[in-house]
Amino acid sequence: MKTCIACGMPMKEKADFAMGDESKDYCVHCANEDGSMHSFEEQKEAMTGFIIKTQGLAHEAAESAALSMMRKLPAWKEGLGVREKGLGVRG
Amino acid sequence: MADTRRLQKEQTREKIVAAAIKVYSQQGFAAPTTAIAGEAQVSHGSIFVHFPTVESLLICLLDSFAQDLTAELHMLSESGGDVEKLLAMHVDVLIKYEGLYKRLTKEAVYLPEEAKNTFIAIQSTVSIHFWQALEPEISAGAIKLVPFHMLFNTWLGLIHYYLLNGDLFAPRGSVLRRYKSTLIECYMALIKK
Ligand SMILES: [Zn+2]
């Protein structure tokens with residue numbers, strides 16, 4: 001089974017894929033109206049909004065969690081890795 | 001030859017993870033890595049061969065808990081389970097990780113950012129399935145008009161309160177096992193119209 005590269009959702013049915021196209025690697029929730037995948041900023045906003053809606057967290061805490069989730073997903077992993085390398089966050 | 005070594009390495013890693021779950025459950029997340037090495041019966045240095053930082057070990061534990069929980073949630077949503085079934089399954093998985101989960105609820109504020117975020121991601125997965133199970137009943141007007149996150153947080157709040165006060169509610173044994181059906185019944189009675 002394929003998993004969405006942008007949010008991690010398992011894509012079981014045709015309707016789960018962007019534009020119902022099973023050759024796509026991302027899901028219907030991570031696609032714009034024209035079928036293209038969300039940009040980094042759009043995805044960050046969408047995931048932050050989702051966490052606020054389902055768990056009621058404060059915006060900054062929700063955004064931090066969204067970024068941490070994105071860091072583990074193939075679509076964003078590399079970009080986020082590079083961004084943080086210079087910060088010396090490793091303990 | 002190379003395969004045997006890889007297998008051994010994998011087994012040691014699993015032993016360390018299992019030992020860490022046990023030690024953290026008993027002593028909290030400030031427990032020293034020497035205690036984990038002792039429990040796993042491996043050398044102290046071997047922990048750092050597998051996990052370069054304490055934080056990476058902690059995140060690995062949380063990930064294995066998350067995988068287990070996600071697998072159960074998927075199985076349930078495939079079978080089209082209702083809210084009560086979902087709550088029952090949630091409690092069952094928490095019983096399996098009760099010691100660790102109790103520590104998480106208690107000490108999450110002191111955890112490093114990344115581990116804290118992993119915990120939020122775990123709750124996020126639970127909330128998606130919670131929403132899927134509850135949505136048909138909300139649409140049917142069977143649930144009180146309360147924001148979704150409050151429905152979810154009320155359930156977590158109930159579970160966490162009983163866990164944190166386990167010494168009062170169930171001085172011996174598992175508080176979640178003892179109160180599972182009471183908590184589910186009362187929660188449903190609270191949210192239903
Ligand atoms: Zn997606």
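Predicted model: local features only at pLDDT ≥ 70, side-chain atom pairs only at ≥ 80, totals over all residues.
Chain B is split into two domains, with domain 1 covering residues 1-52 and domain 2 covering residues 61-191. A distance of 28 Å separates the C-alpha centres of domain 1 of chain B and domain 2 of chain B. Where these domains touch, domain 1 of chain B contributes 8 residues and domain 2 of chain B contributes 7 residues. The side of domain 1 of chain B that touches domain 2 of chain B comprises 5 nonpolar and 3 polar residues, with no charged residues.

The contact between the chains involves 12 residues from chain A and 18 residues from chain B. On the side of chain A that touches chain B, at least two residues come from each of helix H1 (40-55) and helix H2 (59-70) of chain A. By class, this side of chain A has 6 polar, 4 nonpolar and 2 charged residues.

The residues of H1(A) taking part are Lys53(A), Thr54(A) and Gln55(A), and they meet Phe148(B), His149(B), Phe152(B) and Asn153(B) in H8(B). By class, the contact of H1(A) with H8(B) has 4 polar, 2 nonpolar and 1 charged residues.

Terms used:
Residues numbered from 1 in each chain as written. Chains lettered and ligands numbered in written order. Domains from an automatic or database assignment. Contact = placed C-beta atoms within 7 Å. Nonpolar A, V, L, I, M, F, W, Y, C, P; charged D, E, K, R; others polar. Helix = DSSP H or I, 4+ residues; strand = E, 2+ residues; numbered from the N terminus.
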